[in-house]
Amino acid sequence: MPKPNVGGQAVIEGVMMKNGSLYATAIRKPDKDILIDKRKYVSLTERHKLLGLPFVRGAVAFLESMIIGMKILTFSAEFFEVDEEEQPSKLDLWLEKKFGDKVENAVIAISVVLAMLFALGLFLFLPATLSQLMRDVLPSGRWMNLADGIIRIAILLIYLVAISRLKDIQRVFQYHGAEHKTIHCYECDEPLTVENVRRMSRLHKRCGTNFIFIVVAISVIVLTVINVQTYLLRLAVRLLCLPIIAGISYEVLKLFGRKDSGLVDILTYPGLMLQKITTSEPDDAQIEIAIAALNASLEESETAEDDN
């Protein structure tokens, strides 16, 4: 029987591992105990045939991963409140009054929308605006679109380097490294021990960082080919092409995950190099958390919370 493909995500002082529809999160609480949380979520791509079609499922999977990731981040953050006696803000009170017991879902929805708006502003509107300002010095519209793509890549690199300097993010990146090492150990059929995991690489071809780079690379190609001149048309094309770019990128990432060849190694190399920024070497305690999360995700559980 083939081994299931597992994936994961680093959270605040913990790791989430995904095995099919089961999400298992292990968190190191302030008292040093390990908390295991299990949730089940069956993707819309599996519940609706149309949404599961190639080049459609990628956009759906991307949106679902953002929502689930935000839920798990919110859950992990609950254990690390800075001041439990701090009075709720006016915004907190308004949200609680407006949404009642659905306030957590509302906060997650708002957070996802704000994250998407931030990403659109940083990686779509800003490059389009800067490249538009260069139109008088570039020979054609396609060169302007190419400049747009180069600026987008530069912004991505600057952004990743900048956040990697933050102390809290450095901890998350260490857990990200522990996640990758643990998955490598599992895929190599090695026993999941701290010693075995420590020897593994912290870089992985199926990482979300690879997906981000593929999205940026595919967007450069697609948006250079589609040549429009005016600023508003360029923005409209970029927004309309987002689901297409996400769909293509998802299929490319799945292909890279299945294939193992020299060409795939070359094509995945830039994304792996980005992971040198988004992952760090973990300590043994962080590896222990990643192992606990993966073991929990591989166990059949009837008690997992249903997130559908």
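**Figure 1. Salt bridges across the whole structure.** A search of the whole structure identifies 13 salt bridges. The model is predicted. Side chains of opposite charge can pair when their charged atoms come close.

**Figure 2. Close-up of the salt bridge between Arg-39 and Asp-37.** The side chains of these two residues, Arg-39 and Asp-37, meet at a distance of 2.7 Å, N to O. Arg-39 and Asp-37 are both buried.

**Figure 3. Close-up of the salt bridge between Arg-152 and Asp-148 in helix H5.** The N to O distance between the side chains of Arg-152 and Asp-148 is 2.2 Å. Helix H5 spans residues 141-163, and because Arg-152 and Asp-148 lie 4 residues apart within it, about one helical turn separates them. Arg-152 has a relative accessibility of 6% and therefore counts as buried. Asp-148, at 0% relative accessibility, likewise counts as buried.

**Figure 4. Network of salt bridges that includes Asp-148 and Arg-152.** Salt bridges link Asp-148, Arg-152, Arg-234 and Arg-238 in a network.

**Figure 5. Close-up of the salt bridge between Asp-284 and Arg-198.** The side chains of Asp-284 and Arg-198 meet at 3.0 Å, N to O. This pair links distant parts of the chain: Asp-284 belongs to helix H11 (residues 284-298) and Arg-198 to helix H7 (residues 194-198), with the two residues 86 residues apart. Asp-284 has a relative accessibility of 39% and so counts as partly exposed. Arg-198 is also partly exposed, its relative accessible area being 40%.

Definitions and conventions
Residues are numbered from 1 along each chain as its sequence is written. This is a predicted model: local features need pLDDT of at least 70, side-chain atom pairs count only at pLDDT 80 or more; totals for chains, interfaces and linings use all residues. Side-chain values use heavy atoms; hydrogens and water are left out. A salt bridge is a side-chain nitrogen of Lys or Arg within 4 Å of a carboxyl oxygen of Asp or Glu. Buried means under 20% relative accessible area, exposed over 50%, partly exposed in between (1.4 Å probe, protein chains only).
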